[in-house]
Amino acid sequence: MSATTIGALIGGAVDSMSGDDSAADGAVVGAITANVLKVVLPLAVTYAVGWAVLRGAGALKDAAFGEAEA
(Lines give C-alpha, C1' and ligand atoms only; values in the text may rest on other atoms or scores of the structure.)
Protein backbone atom coordinates (compact mmCIF):
# COMPACT_ATOMS: atom_id res chain seq x y z
CA MET A 1 0.00 0.00 0.00
CA SER A 2 1.24 3.44 -0.78
CA ALA A 3 1.59 6.22 1.74
CA THR A 4 -1.28 8.07 0.11
CA THR A 5 -3.64 5.14 0.56
CA ILE A 6 -2.57 4.57 4.15
CA GLY A 7 -2.94 8.29 4.89
CA ALA A 8 -6.43 8.25 3.40
CA LEU A 9 -7.43 5.20 5.45
CA ILE A 10 -6.12 6.68 8.68
CA GLY A 11 -7.66 10.10 7.98
CA GLY A 12 -11.01 8.52 7.16
CA ALA A 13 -10.96 6.41 10.30
CA VAL A 14 -10.08 9.35 12.52
CA ASP A 15 -12.73 11.55 10.93
CA SER A 16 -15.43 8.89 11.21
CA MET A 17 -14.90 8.63 14.98
CA SER A 18 -16.63 11.97 15.48
CA GLY A 19 -19.77 10.64 13.81
CA ASP A 20 -20.77 14.02 12.38
CA ASP A 21 -20.47 13.28 8.68
CA SER A 22 -18.90 10.85 6.24
CA ALA A 23 -15.26 9.87 6.37
CA ALA A 24 -14.58 11.17 2.86
CA ASP A 25 -13.30 14.59 3.88
CA GLY A 26 -11.00 13.02 6.47
CA ALA A 27 -9.70 10.64 3.82
CA VAL A 28 -8.88 13.54 1.52
CA VAL A 29 -7.09 15.42 4.30
CA GLY A 30 -5.19 12.25 5.25
CA ALA A 31 -4.09 11.64 1.66
CA ILE A 32 -2.91 15.24 1.25
CA THR A 33 -1.07 15.10 4.57
CA ALA A 34 0.68 11.87 3.55
CA ASN A 35 1.84 13.40 0.27
CA VAL A 36 3.12 16.54 1.99
CA LEU A 37 5.00 14.47 4.55
CA LYS A 38 6.63 12.43 1.76
CA VAL A 39 8.30 15.66 0.61
CA VAL A 40 8.84 17.57 3.85
CA LEU A 41 10.18 14.78 6.05
CA PRO A 42 13.20 13.88 3.87
CA LEU A 43 14.04 17.58 3.51
CA ALA A 44 13.90 18.11 7.28
CA VAL A 45 16.07 15.04 7.96
CA THR A 46 18.60 16.11 5.32
CA TYR A 47 18.78 19.60 6.81
CA ALA A 48 19.22 18.24 10.34
CA VAL A 49 22.02 15.86 9.30
CA GLY A 50 23.77 18.62 7.35
CA TRP A 51 23.54 20.99 10.30
CA ALA A 52 24.95 18.35 12.65
CA VAL A 53 27.84 17.62 10.29
CA LEU A 54 28.59 21.34 9.94
CA ARG A 55 28.61 21.78 13.73
CA GLY A 56 30.83 18.71 14.13
CA ALA A 57 33.26 19.93 11.47
CA GLY A 58 33.46 23.33 13.19
CA ALA A 59 34.13 21.73 16.56
CA LEU A 60 36.78 19.46 15.03
CA LYS A 61 38.47 22.45 13.36
CA ASP A 62 38.43 24.38 16.64
CA ALA A 63 39.93 21.40 18.48
CA ALA A 64 42.67 20.96 15.88
CA PHE A 65 43.64 24.61 15.26
CA GLY A 66 42.23 26.45 18.27
CA GLU A 67 39.24 28.74 18.30
CA ALA A 68 39.21 31.60 15.80
CA GLU A 69 39.03 35.18 17.07
CA ALA A 70 35.82 36.89 15.97
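Tutor: Keep in mind that this is a predicted model. Start with α2, where the buried residues are G26, G30, A31 and A34.

Student: What makes a residue such as G26 or A34 count as buried?

Tutor: The cut-off is under 20% relative accessible area, and G26, G30, A31 and A34 are the α2 residues that are buried. What covers them includes α1.

Student: How do you know that α2 has about the span expected of a helix?

Tutor: α2 has 42 residues and reaches 61 Å from its first C-alpha to its last, close to the expected 62 Å. There is still a bend of about 30 degrees at L37. After α2 comes G66, with a positive phi near 85 degrees.

Student: What makes D62 and K61 a salt bridge?

Tutor: The limit is 4 Å between the side-chain nitrogen and a carboxyl oxygen, and the closest N and O atoms of D62 and K61 are 3.4 Å apart. A search of the whole structure finds one salt bridge.

Student: Why is D62 called partly exposed?

Tutor: That label covers values between 20% and 50%. D62 has 29%, so it qualifies, and K61 does too at 41%.

How values were computed:
Residues are numbered from 1 along each chain as its sequence is written. This is a predicted model: local features need pLDDT of at least 70, side-chain atom pairs count only at pLDDT 80 or more; totals for chains, interfaces and linings use all residues. Side-chain values use heavy atoms; hydrogens and water are left out. Buried means under 20% relative accessible area, exposed over 50%, partly exposed in between (1.4 Å probe, protein chains only). Helices (H or I, at least four residues) and strands (E, at least two) are DSSP runs, numbered from the N terminus. The expected span of a helix is 1.5 Å times one less than its number of residues. The bend at a residue is the angle between axes fitted to the seven residues ending there and the seven starting there. Contact means heavy atoms within 4.5 Å.
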